[in-house]
Amino acid sequence: MHTKNFFKPTIIYKEYMILNLIEKDPNITQREISTAINIAVSMVNTYIDMYEKKGLLTKEHISTKTVRYHITKKGIERRKLLNIWYLEASNKLYNEAKDNISVFLNKIIEKKCSRLLLYGAGEVAEIILKSMNDDNKIPLKVLAVVDDNKNKRNQLIINTPIIDIEDIVRYDHDGILISSYTHNDAIYHKLIQSGYPEHKIFHFFDNN
């Protein structure tokens with residue numbers, strides 16, 4: 001998942017991440033923190049000084065170049081609170097995405113499609129399958145996930161088998177949903193070239 005890259009690095013988000021990283025590893029360096037949350041080392045130093053003044057952490061100078069950080073009881077409680085806020089924001093985004101997926105899947109169901117194959121065993125397929133598992137009211141079943149990566153064959157993604165394009169004929173299905181953003185067009189043309197009916201191909205992403 002791309003959580004770290006997706007969320008806007010607000011002041012509160014940075015505070016949560018810095019306190020969380022220090023609590024996990026007191027020997028973490030400012031450069032490692034800057035890399036983890038994608039901010040300048042100078043800003044990490046500024047934030048750490050700020051948190052020290054607030055009583056959220058203390059510094060132990062091991063040498064002139066080495067500092068060990070200790071999160072205080074107040075800092076741990078603050079990190080717990082920020083963690084709750086973080087989870088709340090994450091869940092809100094997830095629920096909104098799940099609702100959008102449900103609306104999209106219902107449009108497929110309206111086309112008399114109840115047995116589906118996904119094409120693309122990546123994060124999108126995983127989220128679609130998780131959303132379907134969470135919403136038992138969706139009268140749609142994903143039989144398998146097609147993928148061109150041979151290393152993924154015979155594996156499972158959310159209890160769903162990953163198969164080769166040649167195995168499609170083994171499944172009695174109503175259509176294929178392309179669950180890849182990057183390879184959407186390439187997958188579509190590959191299906192068409194293989195003789196798969198165009199009207200049975202569904203796009204989660206419309207790159208046109």
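1. The model is predicted: local features need pLDDT of at least 70, side-chain atom pairs count only at pLDDT 80 or more, and totals for chains, interfaces and linings use all residues. Residues are numbered from 1 along each chain as its sequence is written, and side-chain values use heavy atoms, with hydrogens and water left out.

2. Ile12, Leu81, Ile84 and Trp85 form a nonpolar surface patch with about 360 Å² of accessible area together. Such a patch joins nonpolar side chains within 5 Å, from residues with over 30% relative accessible area and no salt bridge. Areas are Shrake-Rupley values with a 1.4 Å probe. Helix α5 (residues 73-109) gives the largest share, three residues. Ile84 sits in α5. Ile84 is exposed, at 53% relative accessible area (exposed means over 50%).

3. Helix α2 (residues 11-24) packs on α5 at about 125 degrees, with the axes 9 Å apart. The crossing of α2 past α5 is left-handed (the near helix is turned anticlockwise from the far one by less than a right angle).

4. Check Asn38. Its phi is near 60 degrees, positive in a residue other than glycine. Asn38 lies in the loop between α3 (30-37) and α4 (41-53). Asn38 is exposed, with a relative accessible area of 69%.

5. Asn159 also has a positive phi, about 60 degrees, and is not a glycine. Its loop runs between β5 (156-157) and β6 (160-163). Asn159 is exposed, at 71% relative accessible area. Most residues other than glycine have a negative phi.

Note on methods. Patches are made of residues with over 30% relative accessible area and no salt bridge: like charges are joined within 9 Å, nonpolar side chains (Val, Leu, Ile, Met, Phe, Trp, Tyr) within 5 Å. A salt bridge is a side-chain nitrogen of Lys or Arg within 4 Å of a carboxyl oxygen of Asp or Glu. Helices (H or I, at least four residues) and strands (E, at least two) are DSSP runs, numbered from the N terminus. Buried means under 20% relative accessible area, exposed over 50%, partly exposed in between (1.4 Å probe, protein chains only). Axes are lines fitted to C-alpha atoms, for helices over the stretch in contact, and angles run from 0 to 180 degrees between N-to-C directions.
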